Amino acid sequence: MPASALTENIKIPQKQNGENSVRREVSRSLSISTSPHDAFHHRQPSMGLEGSSPTLRRTTTGAVAKQLKPFREQDVKILLLENVNQTGRDILQGQGYQVEFLKSSLPEDQLIEKIKDVHVIGIRSKTKLTSRVLAAAKNLIVIGCFCIGTNQVDLQYAASHGICVFNSPFSNSRSVAELVICEIIALARQLGDRSNEMHRGTWNKVSAKCWEVRGKTLGIIGYGHIGSQLSVLAESMGMDVIYYDVVNLMGMGNARQVPSLDQLLSTADFVTCHVPELPETMNMISKHQLDTMKQGSYLINASRGSVVDIPALVDAMRAGHIAGAALDVYPAEPAGNGDYFTNELNPWAEDLRSLKNLILTPHIGGSTEEAQSAIGVEVADALVRYVNEGVTVGAVNMPEVSLRSLTMDEPNHARVIFIHQNVPGVLRRVNEILGDHNVDKQMTDSRGDVAYLMADVSSVRDEDIAQLYRELESLKERIITRILY
Ligand SMILES: NC(=O)C1=CN([C@@H]2O[C@H](COP(=O)(O)OP(=O)(O)OC[C@H]3O[C@@H](n4cnc5c(N)ncnc54)[C@H](O)[C@@H]3O)[C@@H](O)[C@H]2O)C=CC1
Ligand SMILES: O=C(O)C(=O)COP(=O)(O)O
């Protein structure tokens with residue numbers, strides 16, 4: 001059946017602004033093309049068994065998994081910002097998607113222009129996907145954060161608009177932990193200052209207030225992937241490790257959890273922050289906490305800039321109460337590389353630059369070849385699985401739903417994905433619609449206000465698919481319908 005035959009089944013109401021809403025929705029969910037004649041593509045020939053596809057897989061039963069291709073691959077538009085690693089780009093381009101790659105982030109207004117068109121966006125920690133930006137992203141189905149943190153994305157807004165978000169939960173944890181180990185020793189030995197002096201031609205051999213780290217106490221705030229990895233490394237250097245976390249967690253090695261932040265602060269020689277950006281972690285280290293820290297102790301922050309109240313830290317360092325600090329993250333960070341670390345960016349930048357034994361790094365905690373290349377693969381794979389098969393395993397804002405792959409022996413199957421508001425009665429109505437077909441398998445789950453249903457239906461013709469799509473779209477609780485085949 002030609003694609004246009006299917007198109008004829010679709011009623012295309014005109015919107016006031018002339019934009020065609022069904023066409024837009026269809027292009028977001030079923031077919032990428034915005035041409036009314038291409039609004040539904042008919043089935044693509046299945047990939048041949050002898051084909052050279054690098055993604056040819058077998059299911060657990062040994063059958064060859066059919067690669068679902070909802071779109072013409074070349075129509076899937078992807079915008080990658082912030083220098084996403086080549087490994088990720090290769091995977092996405094290997095799928096035949098249209099990939100636009102930029103080295104830096106974009107200011108909000110430019111981002112709003114660019115995001116209008118794309119189905120997938122890949123970012124790192126700098127790009128702010130606020131509700132204002134996402135509201136412009138009419139075709140967007142998925143966001144890939146090629147990093148750990150997801151605080152830069154309005155996760156709830158994204159979920160309520162059916163936009164799935166993935167990240168890489170631990171591929172750069174080791175890199176951050178190693179940087180922090182390096183900083184502990186560098187602060188204890190005032191390495192930054194000695195090196196700066198030598199760069200200026202000054203020989204300044206001192207031992208006063210320079211220490212070994214062996215036998216000193218490291219206090220870790222947030223004992224997750226990074227904190228616990230750091231704990232192991234610090235113990236192997238002979239440090240005692242204590243940690244504070246809102247969750248009760250088993251310590252690695254001899255590390256001990258302490259019941260309060262104040263207890264950690266008043267005991268540790270080195271305090272390091274590894275909590276996510278949350279309302280509760282905003283200025284978690286401020287004047288009171290700095291005062292509670294031991295005289296001559298050190299502070300490290302490689303988590304998020306909002307966690308440490310920097311003017312309070314400047315005061316504590318000027319007073320000599322804090323002997324040194326290392327900061328990798330800042331409340332405001334520039335979109336790209338350049339001479340931006342000035343008072344224009346953050347009002348206290350010059351104050352920081354004037355302090356002794358303060359290591360300042362440009363958010364490089366996760367910036368190693370190993371981490372970036374692993375993250376590129378992990379997040380790009382998750383994006384491909386989502387675009388091609390609708391699998392949400394690993395998503396940070398959607399229920400995790402997966403079905404075993406359709407196989408090459410099931411040519412007339414379709415996968416229905418229905419993201420909807422999590423209210424009573426929807427499943428009954430969805431199943432009434434699906435009930436005319438043979439539902440081979442189905443999974444549904446909810447997370448907060450949003451539910452995700454995935455069902456594989458067999459023996460469906462192209463016109464059945466169009467009808468299923470129309471009927472599901474007509475349900476008032478629908479957020480997004482996608483049909484993959
Ligand atoms: N500088 C850099 O380049 C990088 C920075 N990061 C930042 O580091 C953060 C931590 O990363 P992971 O260890 O992978 O996260 P994680 O989620 O594995 O661990 C975070 C821990 O913090 C704890 N926590 C949350 N709120 C807390 C509170 N109010 N008080 C005490 N503990 C609290 C959690 O229970 C959890 O155990 C990320 O959210 C990200 O913002 C991550 C990677 C690279
Ligand atoms: O992984 C994270 O959360 C980080 O902070 C690293 O961010 P980046 O990928 O360097 O922008």
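Me: In which loop does Lys209 lie?

Reply: This is a predicted model, in which local features need pLDDT of at least 70 and side-chain atom pairs count only at pLDDT 80 or more, while totals for chains, interfaces and linings use all residues. Residues are numbered from 1 along each chain as its sequence is written, chains are lettered from A, and ligands are numbered from 1 in the order in which they are written. With helices (H or I, at least four residues) and strands (E, at least two) taken as DSSP runs numbered from the N terminus, Lys209 belongs to the loop between α8 and β6 (217-221).

Me: Is Lys209 buried or exposed?

Reply: A residue is buried if 20 or more other C-beta atoms, placed from the backbone, lie within 10 Å of its own, exposed if 12 or fewer do, and partly exposed in between. Lys209, whose phi is near 60° and thus positive in a residue other than glycine, has 12 other C-beta atoms within 10 Å and is therefore exposed.

Me: Gln190 has a positive phi although it is not a glycine; is it buried or exposed?

Reply: Gln190, with a phi of about 55°, sits in the loop between α7 (173-188) and α8 (191-199). Because Gln190 has 21 C-beta neighbours inside 10 Å, it counts as buried.

Me: How many residues of β10 are buried?

Reply: In a regular strand the side chains alternate between the two faces of the sheet. In β10, Ser297, Leu299 and Asn301 on one side and Tyr298 and Ile300 on the other are all buried, which leaves both faces covered. For the strand (residues 297-301), the count of buried residues is 5 of 5.

Me: What is the handedness of the β-α-β crossover from β9 to β10?

Reply: A crossover is right-handed if, with the strands pointing away from the viewer, the path from the first strand over the helix to the second runs clockwise. Strand β9 (residues 270-273) runs parallel to β10 and is joined to it by 4 bridges, with Thr272 standing opposite Ile300. The chain passes from β9 through helix α11 (residues 287-292) to β10, and this crossover is right-handed.

Me: Which residue in β11 is the bridge partner of Tyr298?

Reply: β10 and β11 (residues 322-327) run parallel and are joined by 5 bridges, and together with helix α12 (residues 310-318) they make a right-handed β-α-β unit. Within this pairing, Tyr298 is partnered in β11 by Gly324.

Me: Between which domains does ligand 1 lie?

Reply: A residue is near a molecule if its C-beta atom, placed from the backbone, lies within 6 Å of it, and of the 32 residues around ligand 1, Gly222, Gly224, Ile226, Pro276 and Gly365 come nearest. The elements giving two or more residues to this shell are α7 and α9 (225-236), and α9 gives the most, with 3 residues. Domain bounds come from an automatic or database domain assignment. Since both give residues to the shell, ligand 1 lies between domain 1 (65-172 + 368-398) and domain 2 (210-322 + 329-360).

Me: How many nonpolar, polar and charged residues are in the shell around ligand 2?

Reply: Ala, Val, Leu, Ile, Met, Phe, Trp, Tyr, Cys and Pro count as nonpolar, Asp, Glu, Lys and Arg as charged, and the others, Gly among them, as polar. Ligand 2 has around it residues including Arg124, Lys126, Cys147, Ile148 and His363. By class, its shell holds 2 nonpolar, 6 polar and 2 charged residues.

Technical notes. Pairing = 2+ DSSP bridges.
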